[in-house]
Amino acid sequence: MAYFERDTADGGSAYSGTGSDGTSSGTYMVFDVSPDLGVQTGKDFSVIQTESFGGDEFSIQRHSGKRTWQLNFSFISSAFKTKLENFRNTVGGPYRKFTYNDGSTTYTNVRMSADSLLFTEVAPSVYSTSISIRQASTS
């Protein structure tokens, strides 16, 4: 199951504790429910394309690519909604980096997109939401 970990070195103090590797790196936020099947993964290459007045196209690739993830949650409780809202507010939406682990041995510093964790009430006190995250550095 995926979880997030607040990076205390990036400002903020709402999450604190010791990470699995022994470093002081935050408190794990384990999901109360698993995301829907079909977690989307991709890679953003940050390519800038422009066209000259003569019609020639030019492109610049800023880096070798950053991994992306899209997680959707269809039916979450109001308690889990509050937990996700607190996390979003602690990291300031896309402002601060945090560590993401997809259940493997890989830990990645990421930022969430500005439109992440917007909630839709699908039944009384039951919500749906999604979170889009992007690798914060190429290394």
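1. In which sense do β7 and strand β8 pair, and over how many bridges? The pairing is antiparallel, over four bridges. Note that this is a predicted model. Strand β7 covers residues 98–101, and β8 runs through residues 107–112.

2. The connection comes next. β7 and β8 make a hairpin, with five residues between them. G103 sits in that turn and has a positive phi of about 100°.

3. Now the faces of β7. In a regular strand, side chains alternate between the two faces of the sheet. F98 and Y100 are on one side of β7, T99 and N101 on the other. All of these residues are buried, so both faces of the strand are covered.

4. Searching the whole structure gives five aromatic pairs. One of them joins F31 and F80, with ring centres 6.2 Å apart. Their planes meet at 65°, so this pair is edge-to-face. F31 belongs to the loop between β2 (28–30) and β3 (40–44), while F80 is in helix α1 (residues 78–91). The pair therefore ties together parts that are 49 residues apart in sequence. Both F31 and F80 are buried.

5. F80 has another ring partner, F73. This pair is edge-to-face too, at 5.8 Å centre to centre and 75° between the planes. F73 is buried. Ring pairs thus link F31, F73 and F80 into a cluster.

6. K81 deserves a look. Its charged end sits over the ring of F119, 5.3 Å from the centre. K81 also lies over the face of Y127, at 4.9 Å from that ring centre.

Methods
Residues are numbered from 1 along each chain as its sequence is written. This is a predicted model: local features need pLDDT of at least 70, side-chain atom pairs count only at pLDDT 80 or more; totals for chains, interfaces and linings use all residues. Side-chain values use heavy atoms; hydrogens and water are left out. Buried means under 20% relative accessible area, exposed over 50%, partly exposed in between (1.4 Å probe, protein chains only). Helices (H or I, at least four residues) and strands (E, at least two) are DSSP runs, numbered from the N terminus. Two strands pair if DSSP finds at least two bridges between them. Rings of Phe, Tyr and Trp (its six-membered ring) pair if their centres lie within 6.5 Å; planes under 30 degrees apart count as stacked, over 60 as edge-to-face and the rest as tilted. A charge sits over a ring if NZ of Lys or CZ of Arg is within 6 Å of the ring centre and within 35 degrees of the ring normal.
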